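Subject: Structure handover

Hello,

Here is the structure I promised to pass on. Please open it first, then read my notes below it.

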Amino acid sequence: MTQPENSKNFTVLYVEDESFIRTNVEGCLKYFFNVIVAKDGQDGLNIFSNEKIDLIITDINMPNKNGLEMLNDIKLINPSIPCIVTSAYDIDIVNKTKNLGVCRYITKPFDIKDLLNDSLKILKENV
């Protein structure tokens, strides 16, 4: 996959509590985007409050503040921020993410190419 022109102009907030997953996905995302990582929802909310973010990619089940709580707080600040949720499939969570205006729900484990393609498509549509 080749890097699209100007993709490094986009800042992606990637929120994931599992360090192995966070490190690996961050490495792939950094090839395409400016990436800021957070270890949990509270960290993600703090970063979002202080940085210009174009896209949020988040896990759901995390300590301190889960992904849904974080997205709910973020949507109060910026209701139109595009979001991708990565999590194990759970119909209740899928329904809750729809209510928050989440652009994509990607089931773990996921193919990094799918995540990258979805991220690029969403950024082109929303930014």
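Leu120 is buried, because its relative accessible area of 11% falls under the 20% cut-off. Leu120 sits in helix 5, which covers residues 112–126. Leu120 and Asn46 are 74 residues apart along the chain, and 24 Å separates their C-alpha atoms. Keep in mind that this is a predicted model.

Five strands form an open sheet in the order 2-1-3-4-5, and the pairing is parallel. Which strands stand at the edges? They are strand 2 (34–38) and strand 5 (104–107). Each has a single partner strand, so one side of each has no neighbour in the sheet. From one strand to the next, the twist averages 20°.

Look at one pairing in detail. Strand 3 covers residues 55–59 and strand 4 covers residues 83–87. The two pair in the parallel sense over four bridges.

Helix 1 (residues 19–32) packs on it and touches strand 1 (11–15), strand 2 and strand 3. The direction of helix 1 makes about 165° with that of strand 2. Helix 3 (residues 67–77) lies across strand 1, strand 3 and strand 4. Helix 3 runs at about 155° to strand 3.

Now the aromatic rings. A pair of aromatic rings is described by the distance of the centres and the angle of the planes. How many aromatic pairs does a search of the whole structure find? It finds two. In one, the rings of Tyr31 and Phe32 have centres 4.9 Å apart. Their planes stand at 85°, so this pair is edge-to-face. The rings of Phe32 and Phe33 have centres 6.2 Å apart. Their planes are at 45°, so that pair is tilted. Together, the ring pairs link Tyr31, Phe32 and Phe33 into a cluster.

Are these residues buried or exposed? Tyr31 is partly exposed, with a relative accessible area of 46%. Phe32 is buried, at 3%. Phe33 is buried too, at 1%.

On to the cysteines. The structure holds zero disulfides. Cys83 is in no disulfide, and its nearest cysteine sulfur, that of Cys103, is 6.5 Å away. Cys83 counts as buried, at 0% relative accessibility. Cys103 is partly exposed, with a relative accessible area of 28%.

Two backbone details remain. A cis peptide bond joins Lys108 and Pro109, with omega at about -5°. Pro109 is in the loop between strand 5 and helix 5. The other detail is at Asn64. Asn64 is not a glycine, yet it has a positive phi of about 70°. Where is Asn64? It is in the loop between strand 3 and helix 3. Asn64 counts as exposed, because its relative accessibility of 67% is over the 50% cut-off.

Best wishes

Notes. Residues numbered from 1 in each chain as written. Predicted model: local features only at pLDDT ≥ 70, side-chain atom pairs only at ≥ 80, totals over all residues. Heavy atoms only, no water. Pairing = 2+ DSSP bridges. Axes fitted to C-alpha atoms, helices over the stretch in contact; angles between N-to-C directions. Contact = heavy atoms within 4.5 Å. Disulfide = S-S within 2.5 Å. Buried < 20%, exposed > 50% of the residue type's maximum accessible area, 1.4 Å probe, protein only. Phe/Tyr/Trp six-rings, centres within 6.5 Å; stacked < 30°, edge-to-face > 60°.
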